[in-house]
Amino acid sequence: MTGKQKIQILGSSKKIDMKSKGSTSAEVAWGDSRGAGRRWGLAGILGGALIGLLAFAPATWLAQGLAWASQNYILLDHPQGTLWSGRGVLVLTGGRASRDASALPGHIEWNVGLYKEGFEIQLFQNCCLHGPLTLRIKPGWGRTDVLLKPSSTGLVAEWPSAWLSGLGTPWNTLQLEGPVRLSLSQLSLESIQGQWVFKGDADLDFLNISSRLSTRKPLGSYRLSVQGEEGRGEGTKFKLSTLHGALTLQGSGRWGPAGLSFHGEASTHPEDQAALQNLLNVIGRRDGSRSVISIGSV
């Protein structure tokens, strides 16, 4: 074999190698493009599935969220529809370990939409809400803000006091009768690492209340005024007062990181002592003619 022939062979071999190298690069590029196409296609499928899942998310998701946020004191029974639009029955319970439960008549309905900072929920209930009640929920890292906006200032809702029996003791023993009215202008709640903080003012009026423990009907009308937290760590303050009636109730308390605390008393006129004896024994600790109510430390 001559030197010239060797060079030609080497040159020929080099040409073959370059062609092979070019072919390999093209195949790699083609493979990459196909891989990227598959990834984008998979992302599109997953994105579409997620949107579809959220769009048709069942109402049970909302029920589970409400149970978690209220520590099972408020439940949404028989939820129907979707997370965005549906209805259910509101139930009060004594918590996770309680067997007591009481449901409101009829259904509460909701519509969920989006606004610039989070979600907006509109609530409707023929039996108990006076017009739609709007909740604006702003989620964040480690905290959630909830703003309650009634359709008009003043009376927001009215419930039968018998609903409170679902909370267990002492409500299930008292078996109250009569309406409970909620009035407020605007109220906000903040959940910071699982602790709820209230801001704003509200009044709960117990009107012409009766109890199965007393033959005196009605017992009277009472107001529980709630004052939201003004400074960090102060807690929510509330005051109980008597509007009128044979049974006089008064007291004050606070709800904060340390839990619930309340101190008050119940009393009556001498002529009503016999009719209210059983009720006074159940309400609190007897101290002569009055009954002392003490929860936690004030």
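In which loop is P218 found? P218 is found in the loop between β11 (195–211) and β12, and we will come back to it below. Helices (H or I, at least four residues) and strands (E, at least two) are DSSP runs, numbered from the N terminus.

Welcome to this structure. Residues are numbered from 1 along each chain as its sequence is written, and side-chain values use heavy atoms, with hydrogens and water left out. The model is predicted, so local features need pLDDT of at least 70 and side-chain atom pairs count only at pLDDT 80 or more, while totals for chains, interfaces and linings use all residues.

**The whole chain**

The secondary structure comes to four helices and 17 strands. Of the 298 residues, 31% count as buried; buried means under 20% relative accessible area, exposed over 50%, and partly exposed in between (1.4 Å probe, protein chains only). Contact means heavy atoms within 4.5 Å. Among contacts in the chain with a separation of 6 or more, residues 24 or more positions apart account for 41%.

Two strands pair if DSSP finds at least two bridges between them. The table shows two such pairings.

| Strands | Sense | Bridges | Hairpin |
|---|---|---|---|
| β13 (residues 236–245) and β14 (residues 247–256) | antiparallel | five bridges | one residue between them |
| β14 and β15 (residues 259–268) | antiparallel | 10 bridges | two residues between them |

**Around S225**

Leaving aside neighbours within four places in sequence, S225 is in contact with A202, D203, K237, F238 and K239. With D203 there is a side-chain polar contact of 3.0 Å, a polar contact being a pair of N or O atoms within 3.5 Å; within protein, one must be able to donate a hydrogen and the other to accept it, and residues adjacent in sequence count only if both atoms are side-chain atoms. S225 counts as partly exposed because its relative accessible area is 25%.

**Around S165**

S165 sits in the loop between β8 (154–160) and α3 (171–174). Its relative accessibility is 17%, so S165 counts as buried. A polar atom of the S165 side chain lies 2.8 Å from the backbone oxygen of A162. Beyond four places in sequence, S165 is in contact with D100, S102, W171, N172 and Q175.

The loop between β8 and α3 also holds P170, and the peptide bond from T169 to P170 is cis, with omega near 0°. P218 has a cis bond too: the one from K217 to P218, with omega near -5°.

**Two positive phi values**

Most residues other than glycine have a negative phi, and most peptide bonds are trans. Q71 has a positive phi, near 55°, and is found in the loop between α2 (60–69) and β1 (74–81). N72 lies in the loop between α2 and β1 as well, with a positive phi near 70°. Q71 counts as partly exposed because its relative accessibility is 44%, and N72 counts as partly exposed at 24%.

**A ring and a charge**

Finally, the charged end of R136 sits over the ring of Y115, 4.9 Å from the ring centre. A charge sits over a ring if NZ of Lys or CZ of Arg is within 6 Å of the ring centre and within 35 degrees of the ring normal.
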